[in-house]
Amino acid sequence: MTNLLVFLEEVTNYIDSGYPVDVIYLDFHKAFDKVPHGRLVSKLDAHGIGGEILKWVENWLSERKLMVLGGEFSEWRDILSGVPQGSVLGPLLFIIYINDIDDHINSRLLKFADDTKIYFKVNSPENIERLREDL
């Protein structure tokens, strides 16, 4: 809700001030499935999550397997990336993994799980280029 309210307030202020606004909506395709375990563990460590907790997360992510159910069962396959969906910890780990996506972004950026909005007033060629570069 906060994400939506911040966005609404900022865009309304731009428009009330007479500025046009461009908004780019991003949705990471199968985002939770594509988080590399090694990079995630490195980011957790960089955030000061270490010791037994880091070992527990590594163990929780390792040696996972999947099987596709359809008309027939597939073979069991190792899962080499991704955070488990449907768990409480999965979305939190995903957010930690993408939390630095807005480093070096000059436009406004708002994140909610795997959905991201990049937006800015586009009242000059410089601002239009700024938004393009950020994308």
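Which residue just after H2 takes a positive phi? I looked at the end of that helix and found Gly48, with a phi of about 85°. I note that the model is a predicted one.

**Entry: the chain overall**

I listed the secondary structure: the chain has five helices and five strands. Read along the sequence, I get the pattern α-β-α-α-β-β-α-β-β-α. I then looked up the dimensions. The C-alpha atoms fill a box of roughly 60 × 45 × 25 Å along the principal axes. The radius of gyration is 19 Å, whereas a compact globule of 135 residues would have a value near 14 Å. I also checked burial and found that 27% of the 135 residues count as buried. Among contacts with a separation of 6 or more, I find that 60% are between residues 24 or more positions apart.

**Entry: the faces of H2**

I asked which residues of H2 are buried. They are His37, Leu40, Val41 and Leu44. Seen down the helix axis, these buried residues fall within an arc of 100°, so they line one face of H2. As a reminder to myself, an α-helix has 3.6 residues a turn, so residues three or four places apart point the same way. I looked next at what the buried residues of H2 pack against, and found H3 and H4. On the face turned away from the buried side, I noted the exposed residues Gly38, Arg39 and Ala46.

**Entry: H2 against H4**

I took H2 as residues 37-46 and H4 as residues 89-98; their axes come within 9 Å and cross at roughly 80°. An angle of 65 to 115 degrees counts as roughly perpendicular, and H2 and H4 are therefore roughly perpendicular to each other. From H2, the contact is made by Arg39, Leu40, Lys43 and Leu44, and from H4 by Leu93, Ile96 and Tyr97.

Most residues other than glycine have a negative phi, and I looked for exceptions. I noted Glu63, with a positive phi of about 55°. Glu63 lies in the loop between helix H3 (51-61) and strand S2 (65-66). I also noted His104, with a positive phi of about 70°. His104 is in the loop between H4 and strand S4 (108-112).

Are these residues buried or exposed? Exposed means over 50% relative accessible area. Glu63 has 77% and is therefore exposed. His104 has a relative accessible area of 77% and is exposed too.

Key. Residues are numbered from 1 along each chain as its sequence is written. This is a predicted model: local features need pLDDT of at least 70, side-chain atom pairs count only at pLDDT 80 or more; totals for chains, interfaces and linings use all residues. Side-chain values use heavy atoms; hydrogens and water are left out. Axes are lines fitted to C-alpha atoms, for helices over the stretch in contact, and angles run from 0 to 180 degrees between N-to-C directions. Helices (H or I, at least four residues) and strands (E, at least two) are DSSP runs, numbered from the N terminus. Angles under 35 degrees count as roughly parallel, over 145 as roughly antiparallel, 65 to 115 as roughly perpendicular and the rest as oblique. Contact means heavy atoms within 4.5 Å. Buried means under 20% relative accessible area, exposed over 50%, partly exposed in between (1.4 Å probe, protein chains only). The arc is that of the directions from the helix axis to the C-beta atoms. The radius of gyration is taken over C-alpha atoms; the globule rule is 2.2 Å times the number of residues to the power 0.38.
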